[in-house]
Amino acid sequence: MTRQTSMLNAYTPGAGQLSPADEALASRRAQALGPAYRLFYETPVHLTRGQGVHLYAPDGTAYLDCYNNVASVGHCHPRVVQAMAEQAATLATHTRYLHETILTYAERLLAHFPADLSHVMFTCTGSEANDLALRIARAATGGSGIIVTDNAYHGVTLATAEMSMSIGPAVAPGPTVFPIPAPSAANYPQGIAQGFAEAVTQACDRMAAQGIRPALLIVDTIFSSDGVFPDPAGFLAPAAAAIRARGGLFLADEVQPGFGRTGSQFWGFQRHDLVPDMVSMGKPMGNGYPLAGLALQPRVIADFGAKARYFNTFGGNAVAAAVGLAVLDVIRDEALQQNAATVGKALADGLRILAQRHEALGETRAAGLFIGQTIQTDGQPDPARTARLVNALRDNRILISSTGPQGDSLKIRPPLPFSLADVDQVLDTLDRLLPTL
């Protein structure tokens with residue numbers, strides 16, 4: 001299957017209906033930033049501020065944000081902004097000095113994990129966290145082979161880009177990366193749990209044939225870039241057992257599903273009744289501030305820690321720690337995990353009801369406030385129709401994107417304060433737009 005994700009929902013210069021001012025801004029952007037960057041939507045959105053679940057254009061037009069898990073507790077949350085400003089005005093330095101805030105944050109964060117995951121290492125981005133995990137896995141296992149899903153995304157460093165199949169064949173897979181099909185019923189009709197575990201074992205066999213030892217199975221536990229595949233709960237446990245049986249480690253990438261987004265659990269892996277060897281985190285961890293990390297079992301880091309030191313100038317700095325604490329406080333105090341469960345169910349149920357009268361809506365795959373919604377024509381996935389819908393929603397002030405190898409599913413993951421009124425806006429707009437596409 002040809003992967004097209006790198007160009008999904010992208011602006012083609014000269015093709016959109018931009019105002020003269022925004023056309024000039026897009027031209028400046030291309031001149032300054034070069035050709036590798038992409039803008040969302042056929043007609044890009046010019047934004048100047050954010051608040052809660054809305055983003056605003058220069059003229060004050062409000063867009064409902066159904067896409068950004070980065071601002072997980074809401075855009076510009078005042079408690080997070082206050083924590084950032086107060087700490088920046090007091091002390092902003094790295095982790096090689098004694099400082100209480102980073103320890104308080106580490107302890108608070110680790111309290112959300114199973115007891116076996118009792119160390120945490122801080123970075124600035126999820127890419128760095130996954131890159132660090134790979135280094136640690138190689139030291140712990142003596143292997144170099146990596147298993148990923150066939151449309152995965154795990155980062156932008158050289159190592160993580162080579163295991164990010166969604167970036168495209170010009171980059172991935174790297175020479176020691178072995179992709180396997182995503183955990184869908186279509187890919188594993190004999191059963192997702194059994195089939196996915198067997199695919200891991202077969203990838204290890206392919207490694208062995210090339211003289212490569214396994215180091216790591218890494219999955220985004222919501223499989224967001226593959227199209228969003230959260231179910232059935234528990235299917236990941238046999239795959240984790242399969243990689244461990246061959247001497248490798250299991251890394252749960254929680255950059256997208258973590259911090260309460262799935263509703264029923266704080267972490268996506270917890271839906272699968274397993275304890276990973278390592279867990280990577282990013283984006284929502286700092287609500288937009290560059291904060292990421294890697295939680296891990298002590299036995300995993302022992303060999304690496306004995307032979308190499310780890311230092312990251314900005315990873316886990318005092319400001320980052322203060323921001324991270326504020327995010328955890330807001331998730332707790334505003335009951336955002338519970339909100340994700342309640343509001344996410346309402347949205348998923350509403351989509352399934354809409355599907356009864358709109359043939360364009362296919363399968364709804366959901367866990368809390370993370371939803372993949374297939375768009376189809378005559379029962380077949382339709383990427384072109386999905387793209388038209390994404391852009392029509394943008395024109396109706398709802399920001400969303402698409403996912404999957406062919407871009408045939410809506411990717412719905414709004415900030416966690418999303419409300420039932422916001423759900424109604426999305427469903428009513430879809431109900432009105434779908435017959436026109």
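Buried, in this talk, means under 20% relative accessible area, exposed means over 50%, and partly exposed lies in between, with a 1.4 Å probe and protein chains only. By that rule Phe259, at 1% relative accessibility, counts as buried.

Good morning, colleagues. The model is a predicted one, in which local features need pLDDT of at least 70 and side-chain atom pairs count only at pLDDT 80 or more, while totals for chains, interfaces and linings use all residues. Residues are numbered from 1 along each chain as its sequence is written, and side-chain values use heavy atoms, with hydrogens and water left out.

Let me stay with Phe259. Its place is in the loop between β8 (249-253) and β9 (278-281); helices (H or I, at least four residues) and strands (E, at least two) are DSSP runs numbered from the N terminus. Phi of Phe259 is near 65 degrees, a positive value in a residue other than glycine. Ala335 also has a positive phi, near 50 degrees. Ala335 sits in the loop between α9 and α10 and counts as partly exposed, at 30% relative accessibility.

Axes here are lines fitted to C-alpha atoms, for helices over the stretch in contact, and angles run from 0 to 180 degrees between N-to-C directions. How do α2 and α9 cross? The axes of α2 (residues 78-88) and α9 (residues 318-333) come within 8 Å, crossing at roughly 155 degrees. That makes α2 roughly antiparallel to α9; the term covers angles over 145 degrees, whereas under 35 is roughly parallel, 65 to 115 roughly perpendicular and the rest oblique. Contact means heavy atoms within 4.5 Å, and the α2 residues that meet α9 include Val80, Ala83 and Met84. The residues of this contact divide into eleven nonpolar, one polar and three charged. In these classes, Ala, Val, Leu, Ile, Met, Phe, Trp, Tyr, Cys and Pro are nonpolar, Asp, Glu, Lys and Arg are charged, and the others, Gly among them, are polar.

The second pair is α10 (residues 336-355) with α12 (residues 420-433), packed at an angle of about 20 degrees with axes 10 Å apart. These two helices are therefore roughly parallel to each other. Among the residues in contact are Leu347 and Leu351 of α10 and Val423 and Leu427 of α12. By class, this contact has ten nonpolar, one polar and one charged residues.

Next, two individual positions. Leu410 lies in strand β16 (residues 409-412) and is buried, with a relative accessible area of 1%. Its C-alpha atom is separated by 6.4 Å from that of Thr374, 36 residues apart along the chain. Ser225, in the loop between β7 (214-220) and α7 (236-245), is buried as well, at 10%. Leaving aside residues up to four places away in sequence, Ser225 touches several residues, including Asn151, Tyr153 and Asp220. Pro232 is in that loop between β7 and α7 too, and a cis peptide bond joins Asp231 to Pro232, with omega about 0 degrees. A cis peptide bond also joins Ala172 and Pro173, where omega is about 5 degrees.

Finally, the cysteines. How many disulfides are there? Taking a disulfide as a pair of cysteine sulfur atoms within 2.5 Å, the count comes to zero. For Cys76, the nearest cysteine sulfur, that of Cys66, is 18 Å away. Cys76 counts as exposed at 51% relative accessibility, whereas Cys204 counts as buried at 1%. Thank you.
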